[in-house]
Amino acid sequence: MILDAIIGLFASIFGALVEALALVFVPVINLIAAGVEAVVGILVSGFSLGRIQGKKIESRSPASAIAGILPSLLIVGVIGWLVIAPNVLNRDVTLIAVDGHSLPFAAVIVHTKDGDEHKRTDRAGSIVIPRFSIAALTVKDPRYVEKTWRKSEIKSELIVGRTILGSGLDVLADHLLKPKGK
């Protein structure tokens, strides 16, 4: 019984989507048919193609018209929320060292209203943080000088100083990652 209701729900949503697509594509198909008729009519006299007729709309009450549009609006709203919400609610911050290199896998503490959250940057030194509930952002990694930015100081790129350990590791990494023979 519940399965029937779920199938009915998806069938009604699919029907509403098909009707909405038909409102867009029926005039386009009729226009293409008229173009084909015009081209073929030059060569063959009396040639005609049938047209697709739209569904005859009977006089319906405003409530039933709104009820027909509501599922489509709901679907568009949910899809819009899933696509747009992450871009609005979160922001991307890149951490860069004083020498211009990014900070891969740096330990970061995101201070929010709900508490502290420990994260690491990705390979490019970027991290996704909440846009509205953040209070501060702290870099706490032995390779970099510990620094805290308040909400008003956080920009898309933040500059961090290196410690002696971080500088030494970078020199060692540059030396070991050189191609053979150079």
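Let's start with strand S2, residues 107–112, which pairs with S3 in the antiparallel sense over six bridges. Strands here are DSSP runs of E with at least two residues, numbered from the N terminus, and two of them pair if DSSP finds at least two bridges between them. S2 and S3 form a hairpin with two residues between them. Along this pairing, Thr-112 stands opposite Gly-115 in S3, and His-111 has Asp-116 as its bridge partner.

A note on the model: it is predicted, with local features needing pLDDT of at least 70 and side-chain atom pairs counting only at pLDDT 80 or more, while totals for chains, interfaces and linings use all residues. Residues are numbered from 1 along each chain as its sequence is written, and side-chain values use heavy atoms, leaving out hydrogens and water.

## The open sheet

S2 also pairs with strand S5 (residues 134–139), in the antiparallel sense over five bridges; there, Ile-109 has Thr-138 as its bridge partner. Four strands form the open sheet, in the order S3-S2-S5-S6, with antiparallel pairing. Its edge strands, S3 (115–120) and S6 (147–150), each pair on one side only.
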